[in-house]
Amino acid sequence: MNQFSGNLDQLEAESIHIFREVAASFQRPVMLYSIGKDSSVLLHLLRKAFYPARPPMPLLHVDTTWKFREMIAFRDQVAAEGDVQVIVHINEDGVRKGISPLVHGATVHTDVMKTVALKQALDKYGFDAAIGGARRDEEKSRAKERVFSFRNAQHRWDPKRQRPELWNLYNTHIHKGESVRAFPLSNWTEMDVWHYIRREQIPVVPLYFAKTRPIVLRDGALIMVDDDRFVLREDEKIEQRTVRFRTLGCYPLTGAVESTASTIDEIIAEMAASRTSERQGRVIDHDPSASMERKKQEGYF
Amino acid sequence: MVATDDSARSLLRFITCGSVDDGKSTLLGRLLFDAGMLPDDQVEALRRDSRRQHPDGDVLDFSLLTDGLDAERQQGITIDVAYRYFHSARRNFIVADCPGHEQYTRNMATGASHADVAVVLVDARKGLLPQTRRHTYICALLGIHKIILAVNKMDLVDYAKEVYEPIKEAYINLAKELGIAAVHALPVAALTGDNVGAPSKDMPWYEGPTLLDLLETIHVEPSQAVDFRMPVQWVNRPDQSFRGYAGTICGGRVKVGASIVVQPGAHRAHIARIVTADGDLPEAHAGQAVTLTLDREVDVSRGDVIADAGRPAPEADQFAVHLLWMGDEPLLPNRGYWLKIGAKTVNARVTSIKHKIDVNTQAQLAAHRLQLNEVGYCNIDLDHPIAFEAYADNHALGGFILIDRQNHATVACGVLDFDLHRATNVHWQHLDVDKEVRARSKGQHPKCLWFTGLSGAGKSTVANLLERRLSRLGYHTYLLDGDNLRHGLNRDLGFTAEARVENVRRVAEVAHLMVDAGLIVLVCVISPFHSERDFARNLFVEGEFAEVYVDTPLEECERRDPKGLYRKARAGEISNFTGIDSPYEAPVSPEVHLHPGESSLETMVEELVSHVFPHADR
C-alpha cells in the first residue's frame with residue numbers, strides 16, 4: 001500500500017502537477033524527448049498525469065544524426081507503442097553542410113544540430129511550451145533555473161525576465177511568439193531518477209548497463225565506436241572494455257565509465273559509492289568557450 | 001521492496017538565512033561535505049580554488065562552493081534563489097539558498113515559500129542584528145513555524161557559553177514576538193565544522209544534537225489543513241464515458257462516496273472514483289495528485305475548488321492581505337492586475353494600502369505606493385468571488401501572486417488574512433429595466449468612445465464637434481471631459497501616478513453607468529497608461545468600447561499650449577505633467593487613430609462617425 005510519506009511520492013506528485021499546469025495553460029505544448037533516462041521518467045510521468053486520457057501533447061526528438069544506434073532503436077520502439085505521437089526533427093541544413101562532431105568539434109556540432117535544430121522545430125510547429133528533463137542538481141548554473149523558464153520570441157533565456165516562483169503557483173502568461181520551457185524534474189536528483197526507474201520498472205536504453213563495448217581512449221574520455229563514421233587517429237586503437245554510460249548524447253561526445261553494473265540495483269549501489277559528478281563524461285561541458293550559462297542563453301537546454 | 005530504497009526516506013525542505021558575512025556559504029558547504037555529498041571531482045576543484053585563495057593554509061574554503069553566482073553578480077544580473085540537494089541516511093534535503101543583498105527580501109520570500117524549516121544564522125561576535133529580525137519576520141510572514149538558530153563563529157569567541165546563552169535567549173524572545181514558538185538553538189563553528197556534522201570537542205557544555213542531527217529529526221506536520229480541498233487543474237475528458245477532475249489535494253483527505261461541493265457555488269455531488277494510473281484508490285490525502293470522478297453531472301472547470309460539503313471553504317471577493325511587492329514598477333492602488341491562486345486566475349486591484357511595514361523593525365508606515373521589496377497591508381478587490389482559506393490554515397488556498405497584465409511579470413506575492421465581507425452578502429440588485437430596454441427606447445446602440453492623447457492634443461475639440469454632429473443626427477450623447485470632472489467628482493485627486501490611476505478608474509466607471517443608461521458617451525482624458533485604458537475597456541462588452549488615439553506630437557502640443565500648462569511644466573511650476581516629467585504610453589492598436597496635424601477636423605469627425613457607426617446603424 002502506498003503510504004505517501006516518501007520522497008519519491010512527493011516528487012512524483014509535484015511533477016504531475018507541473019505537467020497538468022502546462023497542459024491546461026498553453027495552446028500548443030510539447031515534450032522534448034532525448035531518449036535518456038530522464039526522458040524515460042518524463043514519459044512515464046506524462047502518461048500518469050493524464051491517465052486515463054492519452055497524453056495531450058506530442059514528443060519531439062531533435063536528432064543530431066550522431067546518437068547511439070541503440071538510442072534510435074529505443075526511440076522507435078516508444079513511437080511504436082502508439083499512445084503518443086513522436087515528432088523527429090533534423091536540421092537538414094546542418095546535414096547538407098556535413099556538420100560533424102568529429103570534424104567541427106563539440107561546440108559547433110551542438111550549436112547547429114541541437115540548439116539551432118531545436119529552435120527550428122519549435123518555430124515550425126508553433127510550440128509555446130516545451131517540457132524538458134533538466135534537473136537542478138546537474139550543474140551549478142541550473143541550480144537557480146525556474147521550473148517555468150521564460151524564453152523570448154528568439155528562444156533566448158533572458159535572466160532579467162525570469163519570474164519569481166512561489167509555492168506551486170506558476171505564472172504561465174506569455175505574449176504571442178514567446179514561450180516557456182518547463183522542467184518537471186527540477187527537484188529530482190540523479191539518485192531519485194534511478195530509484196524511481198527501479199520502483200516503477202521503467203524501461204531505459206541498454207547503454208546504461210555495463211557490457212563489453214568497442215572503446216577508444218580519446219582526450220581522456222572513453223568513446224564508444226558506434227559506426228564507421230568514427231575515424232581512428234594515429235596511435236588510437238579499439239579495445240573491448242566493460243563500460244556503461246551515465247548520460248547519453250551524441251556518441252563521439254559521450255564518455256563511458258568503466259563499470260560492471262549490469263542491473264538497476266547494481267547501478268544504484270555503484271552510484272551510492274561513487275565519488276564523481278554526473279556530467280563529468282560530457283565532452284561539451286569541458287569546452288571552455290561554451291559554458292552552460294552561455295549555451296542556455298542561446299537556447300540550449 | 002528493497003530496504004535501501006530511498007522512497008522510504010522523507011523529504012525536508014529548508015532555507016538558510018544570513019548574509020555572506022555570517023558564514024552562510026561556509027555552513028552550507030560544510031554541511032554538504034559532512035553529509036558526504038560532495039563528489040571527488042568537486043572536492044578536488046574546491047581544494048584547487050582554496051589554495052589559490054589562501055596560499056598559506058591547507059583549508060577547504062567552503063564558501064567558494066556556493067559562489068557559482070559570483071559571475072552573475074559581477075554582470076549585475078539579478079541574483080536569486082539557488083536550490084541544492086543532498087541526503088543523509090534518514091532524509092533527503094532540498095535547500096533554498098538565497099544570496100544577494102538588494103533583492104534579499106524578494107528572494108528570501110521565494111525560498112521561504114518552498115521551506116518547512118528555516119536555519120537562521122547569527123554571528124556570535126555580533127549578536128542579533130536588524131537583519132536577523134528581518135529574516136525572522138519574512139519567515140513568519142510566509143508561515144514557517146520552525147526555526148533552527150545557528151549561532152556561528154563560536155571559534156572566534158573562545159567557544160564561550162556566556163556568549164551563546166544571551167543570544168539564544170534574545171532570539172527566542174524575538175521569535176515569540178513575531179509569532180514563532182518553535183526555536184531550536186545551537187552553537188556552531190562552520191569553518192571548523194563544530195556541531196555541524198559532528199559534535200564539538202570544544203563545546204562540551206552543549207549537549208544537544210548537531211545541525212545535521214536536527215535537520216534529520218525535526219518534525220514537520222504534513223499540513224495544517226484538515227478540511228478536504230482540491231483545486232481543479234485540468235478536466236480529463238478522453239471520451240464521452242469518462243469525465244474526471246485532475247488536481248493536487250491541498251488539504252485534508254477524501255474517500256470514495258464522500259459528499260463534496262464545487263466552489264465557488266453550491267453544486268453538490270459524491271465522489272465516485274479516485275483515479276490514478278496505478279489503479280483506483282479508496283482514499284487520498286493532501287499532497288497527492290489524483291483525478292476525481294463524481295456521481296452526477298456537475299459543471300466543473302479549471303480553477304474551481306472541490307471541497308468537503310460539510311465544511312466548505314469560505315467564498316469572498318474582497319480581502320485584507322499582506323503583499324510583498326516584487327515588481328520593478330511600483331504598485332499603484334486601483335490598477336488592475338491578474339491574481340492567481342490555486343488553479344484560478346481572476347482580475348484584481350488593490351483598493352487601498354492601509355500601511356506598509358518596515359521589514360527591519362515591523363513599524364507601520366503610511367504609504368501611497370509599494371516599491372520593490374516592500375511589504376504592505378492592503379485591501380484587495382476581485383472581479384469574481386473565490387473559494388479560499390486564511391494562509392495560516394492552508395497555504396495553497398491562501399497564498400497568491402499578482403501578474404502584470406501588460407508585460408506578464410510576476411509583480412507580487414501575497415497571503416490572504418481574512419475576507420472583508422463575504423461576497424455572498426453583497427448581491428446585485430436585479431432590475432427589470434435593463435440596458436437593452438433603455439437603449440431600445442432611445443433607438444441606438446450605446447457606446448463608449450475613449451479619446452486618449454497628450455494634453456493639448458485636441459481631444460475635447462474633436463469630441464465636441466462629434467457630439468454636435470451626433471446630436472444633430474438624433475443620438476443621445478454625453479461628453480465626459482477629464483478637466484471638467486476634476487472640478488467635481490475628482491476634485492480630491494492630484495496628478496501623481498496613483499491619482500491618475502484612480503482618476504481614470506472613476507471616469508471609466510461613470511462612462512460604464514452612462515452606457516448602461518443607453519447613452520453614447522465620449523470620454524476625453526489623457527489616460528496615459530495602457531493598464532487603465534485596458535481597465536476601462538474591460539468594463540464593456542465586445543464592440544461597445546472604442547479607443548480613439550488623438551495622435552498629436554508633443555512638440556505640436558507644446559507649441560499650441562492652449563492652457564499655458566507646458567510652459568509652467570517646463571518652468572518647473574507644475575510637476576508630473578504628461579509628456580514632460582510623466583510618461584505617456586501610446587495605444588498599440590486603437591480602434592481609431594487620428595492625426596490632427598494631417599487631417600482637418602471635419603475629416604476626423606467623419607472618420608469617427610463612419611468607423612464607429614456602420615451605415616446600417618445610422
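Biologist: In this predicted model, how many bridges join β2(B) to strand β3 of chain B, and which way do the two run?

Modeller: Six bridges link β2(B) with β3, residues 91–97 of chain B, and the pair runs antiparallel. The general idea is that strands of a sheet pair through backbone hydrogen bonds, either parallel or antiparallel. For one spot to look at, find B:H87, which stands opposite B:N92 in β3(B).

Biologist: What is the strand order of the sheet in chain B?

Modeller: Read across the open sheet of six strands and you get β2-β3-β1-β4-β5-β6 (chain B), with mixed pairing. Its edge strands are β2 (82–87) and β6 (182–187) of chain B, each pairing on one side only. From one strand to the next, the twist averages 25°.

Biologist: Now a helix, please. What should the 19 residues of helix α1 of chain A span?

Modeller: Start with the general idea: an α-helix has 3.6 residues a turn, so residues three or four places apart point the same way. At 1.5 Å a residue, α1 (residues 7–25) of chain A should span 27 Å, and its end C-alpha atoms are 27 Å apart, which agrees.

Biologist: Is α1(A) largely enclosed or largely open?

Modeller: Of its 19 residues, 15 are buried, so α1(A) is largely enclosed by the rest of the structure. Here a residue is buried if 20 or more other C-beta atoms lie within 10 Å of its own.

Biologist: Where do domain 3 and domain 4 of chain B lie in the domain assignment?

Modeller: Domain 3 covers 315–423 and domain 4 covers 435–617 of chain B. Nine residues of domain 3 of chain B are in contact with 10 residues of domain 4 of chain B. The touching side of domain 3 has two nonpolar, four polar and three charged residues.

Conventions
Residues are numbered from 1 along each chain as its sequence is written. Chains are lettered from A and ligands numbered from 1 in the order in which they are written. This is a predicted model: local features need pLDDT of at least 70, side-chain atom pairs count only at pLDDT 80 or more; totals for chains, interfaces and linings use all residues. Two strands pair if DSSP finds at least two bridges between them. Helices (H or I, at least four residues) and strands (E, at least two) are DSSP runs, numbered from the N terminus. Axes are lines fitted to C-alpha atoms, for helices over the stretch in contact, and angles run from 0 to 180 degrees between N-to-C directions. Domain bounds come from an automatic or database domain assignment. Two residues are in contact if their C-beta atoms, placed from the backbone, lie within 7 Å. Ala, Val, Leu, Ile, Met, Phe, Trp, Tyr, Cys and Pro count as nonpolar, Asp, Glu, Lys and Arg as charged, and the others, Gly among them, as polar. The expected span of a helix is 1.5 Å times one less than its number of residues. A residue is buried if 20 or more other C-beta atoms lie within 10 Å of its own, exposed if 12 or fewer, and partly exposed in between; C-beta atoms are placed from the backbone.
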